[in-house]
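Hello,

Here is the structure we spoke about, with the sequence alongside. My notes follow below it.

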Amino acid sequence: MKKEKKEKKVSLFAETLARIWENGGARVGTVLFLLIVIVCVFAPIVAPYGPNDMDLTAMYKGPSLKHLFGTDGMGRDQLSRILYGGRYSLALGLCAAIVGSGVGAFIGSFAGYFGGKTETLIMRLMDIWSSLPSMLLCILISATLGAGFTNTVIALAVGNVPTGVRLIRGQILSERSKEYLEAAESINCSKSTIMFKHMLPNVISPIIVDMTMGIGMNITMAAALSYIGLGVQPPTPEWGAMLADARTHILNYPYLIMFPGIIIALTVLSINLIGDGLRDAMDPKLRK
């Protein structure tokens with residue numbers, strides 16, 4: 001009888017993972033994304049050559065058993081450079097998404113909790129901020145700060161802030177009248193404690209989904225910045241920089257631009273599939 005009374009308690013995290021895995025698209029996206037991450041992280045073991053190893057006798061060689069993705073104008077193995085370059089591209093997308101969503105959540109918490117003139121001022125600033133095209137804003141910031149990994153992360157993160165602010169602000173507005181907040185105020189909890197310890201954990205789901213979807217967008221935008229010379233600079237093997245190097249040879253050596261482009265597309269696709277599954281898994285309306 002005691003065994004029958006005992007109910008298995010499943011954590012929210014474990015339940016969310018299970019629901020994501022039940023989604024066919026998210027499952028495919030997760031497997032594909034993990035595969036890409038693993039081969040990039042272990043590039044020194046997986047890659048057949050170093051990212052900048054040159055073989056002047058094998059310049060512009062097409063795909064072969066020796067060089068599966070061919071070589072570039074300096075005889076560097078394209079597969080090796082793609083594997084090493086994934087470290088930079090994935091790190092750019094992840095860091096920019098975390099920084100942008102984190103800042104957005106922080107500002108949105110203030111706007112939603114305090115309301116009044118504070119909320120009005122913050123939201124009008126966000127309106128102005130979001131009225132600028134994201135790509136144009138990234139180009140302006142990158143051109144001002146200069147090229148490089150850190151500056152590219154800052155440029156990409158800035159464009160993610162307004163969305164995070166609106167998401168968190170809307171969620172907090174719906175939470176402000178809940179009883180647990182009245183209880184926290186009755187025991188003299190500080191405003192910062194109420195905002196970040198009690199409210200934010202209960203409204204964080206949308207920002208997690210938005211951050212996940214933002215990783216793919218940031219990878220694409222980082223590649224675009226590198227393509228126009230404002231992102232990570234050569235000889236660093238970043239995917240966008242590889243596309244930029246190959247653009248003048250697209251007609252004669254199309255494989256130079258084809259393989260990095262395919263990898264970027266597969267990575268963004270896998271992240272979007274994960275984001276869709278995560279959104280469904282974290283939707284309270286779909287929970288039993």
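Predicted model: local features only at pLDDT ≥ 70, side-chain atom pairs only at ≥ 80, totals over all residues.

The buried residues of α7 are L137, C138, I141 and S142. They lie on the same side of the helix because the arc they cover around the axis is only 125 degrees. An α-helix has 3.6 residues a turn, so residues three or four places apart point the same way. Their cover includes α6 (116-131), α8 and α11 (205-227).

The length of α7 (residues 134-145) was also checked: its 12 residues should span 16 Å at 1.5 Å a residue, and the end C-alpha atoms are 16 Å apart, which agrees. Just after the helix, G146 has a positive phi of about 100 degrees.

From helix α8 (residues 149-175), take V158. Apart from neighbours within four places in sequence, V158 contacts W129, L137 and I141; L137 and I141 are among the buried residues of α7.

L34, I38, V41, F42, I45 and V46 make a nonpolar patch of about 580 Å². Two elements give two or more residues to the patch, α3 (24-41) and α4 (43-46), and α3 gives the most, with 3. F42 sits in the loop between α3 and α4. With a relative accessible area of 43%, F42 counts as partly exposed.

Regards

Terms used. Residues numbered from 1 in each chain as written. Heavy atoms only, no water. Patch = residues over 30% accessible without salt bridge, like charges linked within 9 Å, V, L, I, M, F, W, Y side chains within 5 Å. Areas by Shrake-Rupley, 256 points an atom, 1.4 Å probe, with all protein chains shown as cover. Salt bridge = Lys/Arg side-chain N within 4 Å of Asp/Glu carboxyl O. Helix = DSSP H or I, 4+ residues; strand = E, 2+ residues; numbered from the N terminus. Buried < 20%, exposed > 50% of the residue type's maximum accessible area, 1.4 Å probe, protein only. Contact = heavy atoms within 4.5 Å. Expected span 1.5 Å × (residues − 1). Arc of directions from axis to C-beta.
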